[in-house]
Amino acid sequence: MDFLLQPWPWYITGPMISLILFLLYYLGKSFGVSSNLETLCALGGAGTFLEYFKFDWRKNSWNLVFILGAVIGGFISVQWLTPSAAVVLNPQTIQDLSTIGFENAGANYLPSEIFGLDAIFSLKGFLILLGGGLFVGFGARYAGGCTSGHAIVGLSNLELPSLISVIGFFIGGLIMTWVLIPILF
Amino acid sequence: MKHLKFLLVGLLFGIILSKGEVISWYRIYEMFKFQSFHMYGVIGSAIFIGIFLMILFKKGIIKTYLGENIRVAPKRKGFTRNIVGGTIFGLGWALAGACPGPMFILLGRGAIAMSIVILGALLGAFLYHAVKNKLPH
């Protein structure tokens, strides 16, 4: 039980993600979360505006149920399985964040400077959250996959397009982390 | 409900990514700062085992629960779409600290701000299909 309540090290978490990959293919499906974004658009009536979204969302309903399960999994873990949401960070990371105005780095899963109520209800904070999501959604569908479909499944399957995409993930991530975040905050 | 099994797998997925702290903004930040091995270990070990799973799928040693062969759909080829799409994705991933799965898991953990991120992601997916004919692939 003690193990369940501690944060899991990478060598437990990674193989457990492979287990998810195995289960989804064993059940006759695939592992790719970002396609749900398109299914949700279709479900929400985006077909009224764009021909592409006129597909029948029901054929992907299993994936929506999967992501609904993930929401419930998040709820269960915050209620009963993560008594402390503190994240142990490298002192250098804490110092780097402090210089751009992020206090108490690692006190919780998410920094209040981006995700707190003050941030949500400020114009800048709102635009950062909306813009971050917009880039994720646009980029994932442009590249044809996200961390699950490209980084995990694609690289496991030795796919060249996935390797190129993951290199792109890093180009974008490095630009944001090293150049843009210090300017934005 | 015929989809109950997917609800359970999703539930497990949500717990795994929570327990592994993969859903923490800080874990993504430190990954791009090269200040921790955690995320590299998580993704690397998942791929390492994934490679063996793919071989077992292809050789037909692991089949679906119905006994059918498992076929993993190939990714679409094209340098531009993957490098540009990937870079745009990376910009958002590092800013929001969440890729599509963790967005939903964090929402379940009560992070209300994630509803704005998810709204943005839906808008982004919609926008891509609105302009894709004008984009290089």
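What follows is a short chat about this predicted model.

Student: Let's start with chain B. How many helices and strands are in it?
Tutor: Reading from the N terminus, the elements of chain B run α-α-α-α-α-α. The tally for chain B is therefore six helices and zero strands, with helices counted as DSSP runs of at least four residues.

Student: Now the two chains together. Which element gives the largest share of the side of chain B that touches chain A?
Tutor: The contact involves 100 residues of chain B and 109 residues of chain A. Elements giving two or more residues to chain B's side include helix 1, helix 3 (38-58) and helix 6 (113-131) of chain B. The largest share, 17 residues, belongs to helix 4 of chain B.

Student: And by class, how many residues on that side of chain B are nonpolar, polar and charged?
Tutor: Gly goes with the polar group here, and Tyr and Cys with the nonpolar one. On that basis, the side of chain B that touches chain A has 62 nonpolar, 26 polar and twelve charged residues.

Student: How are helix 4 of chain A and helix 1 of chain B set to each other: roughly parallel, roughly perpendicular or oblique?
Tutor: Two packed helices are described by the angle between their axes and the distance between the axes. For helix 4 (residues 61-81) of chain A and helix 1 (residues 4-19) of chain B, the axes come within 6 Å and cross at roughly 45°. Roughly parallel needs an angle under 35 degrees, and roughly perpendicular needs 65 to 115. Helix 4 of chain A and helix 1 of chain B are therefore oblique.

Student: Is that crossing left-handed or right-handed?
Tutor: The residues of this contact between helix 4 of chain A and helix 1 of chain B divide into 18 nonpolar, seven polar and one charged. As for the hand, the crossing is right-handed.

Student: Last one, on helix 8 of chain A: how many of its residues are buried?
Tutor: Helix 8 (residues 123-143) of chain A reaches 29 Å from its first C-alpha to its last, close to the 30 Å expected. Just after helix 8 of chain A, G144(A) takes a positive phi of about 80°. Helix 8 of chain A is mostly covered, and of its 21 residues the number buried is 15.

Definitions and conventions:
Residues numbered from 1 in each chain as written. Chains lettered and ligands numbered in written order. Predicted model: local features only at pLDDT ≥ 70, side-chain atom pairs only at ≥ 80, totals over all residues. Axes fitted to C-alpha atoms, helices over the stretch in contact; angles between N-to-C directions. Parallel < 35°, antiparallel > 145°, perpendicular 65-115°, else oblique. Left-handed = near helix turned anticlockwise from the far one by under 90°. Contact = placed C-beta atoms within 7 Å. Expected span 1.5 Å × (residues − 1). Buried ≥ 20, exposed ≤ 12 C-beta atoms within 10 Å, placed from the backbone.
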